[in-house]
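Here is a short briefing on annotated residues and aromatic pairs. Look over the structure first, then read on.

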Amino acid sequence: MIFIDACFKKTTSYTPIWMMRQAGRYLPEYMKVRAQAGDFLSLCKDYKKASEVSLQPVDILGVDAAIIFSDILVVPLEMGMELKFEKGEGPIFTNPITNEDDLNILDVNKSVKNLSYVYDALKLTREKLPQDKALIGFCGSPWTIATYMIEGGGSKNYTKSKKILYQNPEFLHKILSKLTQALKLYLEEQIKAGANAVQIFDSWASALEQDVFFEFSFKYMLEISDYIKTKYPHIPVIIFPKGISGFLDKIDGNFDVFGVDWSTPLNLAKEKLSHKYTLQGNMEPCRLYDQKAIKIGVENILNTMQNAPHIFNLGHGILPDIPVENAKYFIKLVQESSRI
């Protein structure tokens with residue numbers, strides 16, 4: 001698989017490419033399946049439909065890897081929290097964590113068992129996916145997931161989470177440790193079900209100052225990565241902490257690929273990290289609104305990453321109103337322009 005080879009810094013015939021959120025609302029085919037499923041969580045829990053939308057970008061766009069369709073918050077959901085997705089508001093936990101009693105109710109082993117619909121979707125997708133295409137499993141970082149559990153949903157300032165962080169850091173560490181244990185087992189089950197690589201998303205890494213990031217976020221991502229790499233060294237681990245360009249000097253750990261968000265200069269990431277890791281990214285997602293902008297972005301990134309291990313991706317998820325023809329153009333352009 002060209003994607004897996006690139007993860008391990010092997011020479012490839014072209015730069016492999018996939019997109020975060022590639023199974024999503026910009027595809028009419030996805031919207032049709034979503035309408036059949038009803039709501040978002042129902043789609044996540046219907047393993048046949050989840051597999052169908054996971055495969056759509058491979059069939060329609062020709063990307064080099066599929067990522068299983070799910071959500072990072074199914075883990076706390078299956079640990080015992082009440083989760084709903086409100087239109088226009090995003091995810092909402094109706095019983096956010098406020099104290100240790102709330103945390104103690106949550107069950108790690110129950111969550112791993114209850115997430116069988118994700119494993120079933122992975123198995124089915126791997127069976128249907130062409131053998132030369134990789135299948136990516138994923139989870140959120142403990143810090144990112146914890147913010148939703150504490151705030152009760154999305155947040156601009158993370159004030160509840162940070163209040164705990166600074167007033168009661170021991171309690172936050174307990175939350176993060178419990179999540180880390182669940183996520184290690186969750187990714188392991190994904191690998192057993194057929195995932196060829198796994199990615200850990202830390203969407204809210206930039207909410208933390210440097211020392212706090214390494215203590216309350218990166219430390220736990222590395223614990224997950226160490227667990228996977230020790231037991232499954234043949235499985236690439238991708239780390240994606242968004243918005244930490246100022247911390248790159250201190251990034252070090254047992255993983256294979258570092259995801260670069262679009263706000264981080266790629267030449268800086270290459271200078272600091274390319275000798276240790278394959279870099280993934282970092283096209284500005286809004287460039288996909290215009291084909292001329294796509295062409296310029298692709299040329300700049302390919303030139304920057306010349307003679308260095310690289311997986312092409314957006315610097316965050318594809319937006320829901322991107323024209324499908326532009327997405328197709330983007331994928332084909334990268335594959336053809338980078339071909340040796």
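Leaving aside its neighbours within four places in sequence, which residues is Tyr148 in contact with? They are Ile72, Leu73, Pro91, Phe93, Gly153, Gly154 and Trp204; contact means heavy atoms within 4.5 Å. This is a predicted model: local features need pLDDT of at least 70, side-chain atom pairs count only at pLDDT 80 or more, and totals for chains, interfaces and linings use all residues. Residues are numbered from 1 along each chain as its sequence is written, and side-chain values use heavy atoms, without hydrogens and water.

**Annotated residues**
- An unreviewed UniProt entry gives the feature "binding site" at Arg21, Gln22, Ala23, Gly24, Arg25, Asp71, Tyr148, Ser203 and His316; such annotations may be inferred rather than shown by experiment.
- These positions spread over 296 residues of sequence and up to 22.9 Å between C-alpha atoms.
- Tyr148 is buried, at 12% relative accessible area (buried means under 20%, with a 1.4 Å probe and protein chains only).
- His316 is also buried, at 19%.

**Aromatic pairs**
- The count is 16 aromatic pairs (rings of Phe, Tyr and Trp, its six-membered ring, with centres within 6.5 Å).
- Phe40 and Phe69 have ring centres 5.7 Å apart and planes at 70°, so the pair is edge-to-face (planes over 60 degrees apart).
- Phe40 is buried at 14%, and Phe69 at 8%.
- Phe138 and Phe201 also pair edge-to-face, at 5.7 Å and 85°.
- Ring pairs join Phe213, Phe214, Phe218, Phe247, Phe255 and Tyr277 into a cluster.

How values were computed:
Buried < 20%, exposed > 50% of the residue type's maximum accessible area, 1.4 Å probe, protein only. Phe/Tyr/Trp six-rings, centres within 6.5 Å; stacked < 30°, edge-to-face > 60°.
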